[in-house]
Amino acid sequence: MAGGANNQMADAIATLTNIVARDHQPGREDEMRLERFMRHNPTLFTGGYAPDAAVKWVEEVEIVFEAMRCTEESKLTLGTYVLREEANKWWKNAKLRMGVGGVVITWEMFKGEFLRKYFPADIRNKKVVEFMELKQGNMSVAEYSVKFEELCAFSPHYNTVDAEEAKCVKFESGLRPDIKHLIGFSQIRDFATLVDKCRICDDDGKAKTNYYKAMSDKRGRGQDRGKPYGDKGKKVVENSGGKKRGSGQCYKCGELGHKSYECSKKVDKCFNCGRLGHKSDVCQVKVTCFNCGEEGHKSPVCKKPKKTMGKVFALSGDDADQGDNLIRDSQVEDPDQS
């Protein structure tokens with residue numbers, strides 16, 4: 001029994017020794033490192049004109065390198081392993097050119113050459129200009145800070161420890177005036193703190209605006225409640241564009257439902273004769289006076305006595321007999337006979 005147990009232990013030790021020896025073989029170490037790298041699912045880069053994708057690929061691969069604590073030599077091997085199609089062909093030619101004379105190519109050298117190819121200088125310069133002109137505008141502070149950090153990466157001057165104050169000043173200068181005047185006097189020169197304070201001011205401002213809007217809407221509903229009819233009795237007409245309009249009269253065509261500047265008719269309408277093509281001040285049709293019935297003038301300039309319109313009252317026969325001041329007969333006196 002003792003001999004059998006010793007044999008089993010010896011076999012286990014031998015197996016473990018073989019495993020350890022195999023894992024410490026140089027080729028096996030490289031294979032294991034590659035397996036670890038691929039378990040992080042790095043993005044494959046195929047090349048082509050995609051500046052933003054190229055920068056993103058470098059950033060993602062370097063995150064994996066940091067997690068794996070890769071050496072410079074391993075970074076180059078692993079990073080170039082996930083190049084495909086056009087990018088892989090470019091690297092084969094670039095490696096021959098860069099390695100002339102036995103030069104050892106590092107990851108930083110590769111990255112510089114890679115970005116020159118897939119993130120050219122003109123694109124980088126546009127990013128720098130966009131960063132220098134960046135303003136908050138309609139963005140929230142949170143959105144503005146994300147965009148600021150994204151573009152700041154292309155301006156090395158703002159990416160050093162000594163540039164913290166300049167970075168804060170640049171961020172502050174792009175804020176909307178309503179936030180800037182609340183933050184500016186504080187002179188905050190820690191970037192993370194500045195972003196947090198601005199975000200709080202932005203959120204408070206939105207809450208204040210929403211509060212007053214809700215109060216205004218509430219007052220408006222209260223005022224409408226006191227109107228028994230509101231605007232229900234008003235005539236509303238829709239034009240050809242679907243826009244609602246009032247019931248005013250057009251001074252061009254005389255019709256109701258639109259104003260003169262909305263009138264679709266291309267000619268004027270005469271308010272004297274009712275015809276199109278001219279205005280009443282040049283109308284050749286003779287007018288009739290409503291006072292005397294003669295042609296050639298209108299009632300406002302009529303020189304004859306003004307007619308008085310009588311009032312009619314509805315009375316019963318009994319009421320008429322009892323009325324002492326009721327006019328029972330009338331005769332219009334002719335001025336010419338007096």
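A salt bridge here is a side-chain nitrogen of Lys or Arg within 4 Å of a carboxyl oxygen of Asp or Glu. Keep that cut-off in mind for the first views. This is a predicted model, in which local features need pLDDT of at least 70, side-chain atom pairs count only at pLDDT 80 or more, and totals for chains, interfaces and linings use all residues. Residues are numbered from 1 along each chain as its sequence is written, and side-chain values use heavy atoms, with hydrogens and water left out.

View 1. The side chains of Asp 202 and Lys 206 form a salt bridge, 3.9 Å from N to O. The two residues are 4 apart in helix α11, so about one helical turn separates them. (Helices are DSSP runs of H or I with at least four residues, strands are runs of E with at least two, and both are numbered from the N terminus.) Asp 202 is buried at 5% relative accessibility, while Lys 206 is partly exposed at 40%. Buried means under 20% relative accessible area, exposed over 50%, and partly exposed in between, using a 1.4 Å probe and protein chains only. Through shared partners, salt bridges link Arg 176, Asp 178, Asp 202 and Lys 206 into one network.

**View 2. Another pair in α11: Asp 196 and Arg 199.** Here the closest N and O atoms of the salt bridge are 3.8 Å apart. Asp 196 and Arg 199 lie 3 residues apart in helix α11 (residues 191-225), which puts about one helical turn between them. Asp 196 is partly exposed at 38% relative accessibility, and Arg 199 is partly exposed at 34%.

View 3. Asp 30 and Arg 33 join their side chains at 2.9 Å, N to O. They sit 3 residues apart in helix α2 (residues 26-38), about one helical turn from each other. Asp 30 is partly exposed, with a relative accessible area of 45%, and so is Arg 33, with 27%. In total, the model has 18 salt bridges by this rule.

**View 4. The largest nonpolar core.** A nonpolar core is a set of buried Ala, Val, Leu, Ile, Met, Phe, Trp, Tyr and Cys residues joined through side-chain atoms within 4.5 Å. The largest one has 29 residues, and those with the most contacts inside it are Phe 45, Trp 57, Leu 83, Trp 91, Phe 110 and Phe 114. Two or more residues each come from α3 (51-68), α4 (72-81), α5 (85-98) and α6 (107-118), with α3 giving the largest share, 8 residues. Leaving aside neighbours within four places in sequence, Leu 83 is in contact (heavy atoms within 4.5 Å) with Phe 45, Trp 57, Asn 88, Trp 91, Phe 110 and Phe 114. A second, separate core of 18 residues includes Cys 168, Phe 171, Ile 179 and Ile 188.

**View 5. Lys 167, a buried lysine in α9.** Lys 167 belongs to helix α9 (residues 164-173) and counts as buried, at 12% relative accessibility. Beyond its neighbours within four places in sequence, Lys 167 touches Phe 148, Glu 149, Cys 152, Tyr 158 and Phe 191.

**View 6. Confidence along the chain.** The predictor's confidence in each residue, pLDDT, runs from 0 to 100. The protein chain has a mean pLDDT of 79, and 72% of its residues reach 70 or more. Over residues 232-237 the pLDDT is below 50, and this stretch has 10 contacts in the model beyond near neighbours in sequence. Where pLDDT is low, the predicted coordinates should not be read in detail.
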